[in-house]
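Open the model in your viewer and keep the selection tool at hand.

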Amino acid sequence: MTTTDGSGTATTDHDSSCCGRHPDAGRRKAEPKAEQKTQESPQERVNRRWNEILQETRVAQTGVQILFGFLLSVAFTQAFRELEEPSKVLYVVTVALGASATAALIAPVSIHRFLSGQSMKDEVVSYAARLVVCGLVLLALTIGCTLLLILHVVLSGTVATVIAAVVMIWFVLCWYVLPFRLSRQGPRSSSGAASSTD
């Protein structure tokens with residue numbers, strides 16, 4: 001149907017209808033859906049957080065497993081038998097830290113398996129997140145002790161300690177100080193707030 005507005009311009013009902021020939025109509029219909037999608041339900045949020053934890057633990061588990069396997073193999077080498085007593089003590093501490101990091105990073109999988117089907121996903125995600133943070137701390141300590149152990153074999157004690165300390169400071173800056181600083185700043189825009197990483 002054709003109508004005439006006050007200026008004498010003829011318009012048709014097709015202008016306001018939703019057929020595929022009018023790009024504006026398709027845009028008008030798509031916009032409300034985009035606005036509705038900005039909010040996620042509690043169930044979607046907990047599922048997203050769980051998937052993020054799984055991705056994070058896959059990366060960390062690979063690193064700690066390779067490192068732990070290396071540490072276990074060191075004890076069977078000829079060079080290990082020639083280590084002095086302080087270095088052997090450091091080795092034992094390093095292996096214990098590596099084992100603890102492995103346990104913490106694999107624990108979310110075990111918790112999820114034992115509590116699967118018991119409607120406790122919120123609790124599983126909460127404790128899994130804490131275990132991943134704990135595992136990362138233990139992993140950083142394991143890497144630092146491993147570096148110190150290897151450098152003590154290659155270099156003098158003081159130089160090895162200084163290099164290991166510098167590397168550990170870098171780990172702290174990258175893994176802990178930077179995320180903490182970013183969390184204090186908050187998202188830069190409203191779009192960043194919609195896609196939070198909590």
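Colour by pLDDT, the predictor's confidence in each residue, from 0 to 100. The mean for the protein chain is 78, and 75% of its residues reach 70 or more. This is a predicted model: local features need pLDDT of at least 70, side-chain atom pairs count only at pLDDT 80 or more, and totals for chains, interfaces and linings use all residues. Residues are numbered from 1 along each chain as its sequence is written, and side-chain values use heavy atoms, with hydrogens and water left out.

Select 190–195. Here pLDDT stays under 50, and the model has 2 contacts beyond four places in sequence for this stretch. Contact means heavy atoms within 4.5 Å.

Switch to cartoon. The protein chain has 7 helices and 2 strands. From the N terminus the order is β-β-α-α-α-α-α-α-α. These are DSSP runs numbered from the N terminus: helices are H or I with at least four residues, strands are E with at least two. Of contacts between residues at least 6 apart in sequence, 65% join residues at least 24 apart.

Now select T102, in helix α4 (residues 85–115). Is T102 buried or exposed? T102 counts as buried because its relative accessibility is 15%; buried means under 20% relative accessible area, exposed over 50%, partly exposed in between (1.4 Å probe, protein chains only). Show its side chain. A polar atom there lies 2.8 Å from the backbone oxygen of G98. Beyond neighbours within four places in sequence, T102 is in contact with V64 and F68.

Step across to V64, in helix α2 (residues 42–74). V64 is buried, at 1% relative accessible area. Leaving out residues up to four places away in sequence, V64 touches G98, A101, T102, L105 and L139. Draw a C-alpha distance from V64 to G98: 6.9 Å, for residues 34 apart along the chain.

Last stop: the second largest pocket, with about 180 Å³ of space. Select F70, V74, T77, A79, F80, L83, T146, L149, I150 and V153 to see its lining. Which helix gives the largest share of that lining? α5 does, with 4 residues. Helices α2, α3 (78–81) and α5 (121–154) each supply at least two. A pocket is an open set of points on a 1 Å grid over the protein atoms alone, where a 1.4 Å probe fits, with protein on both sides within 12 Å along at least five of seven lines; lining residues have an atom within 4 Å of a point. Points are joined across faces, edges and corners, and the volume is the space filled by probe spheres set on them.

Technical notes:
A polar contact is a pair of N or O atoms within 3.5 Å; within protein, one must be able to donate a hydrogen and the other to accept it, and residues adjacent in sequence count only if both atoms are side-chain atoms.
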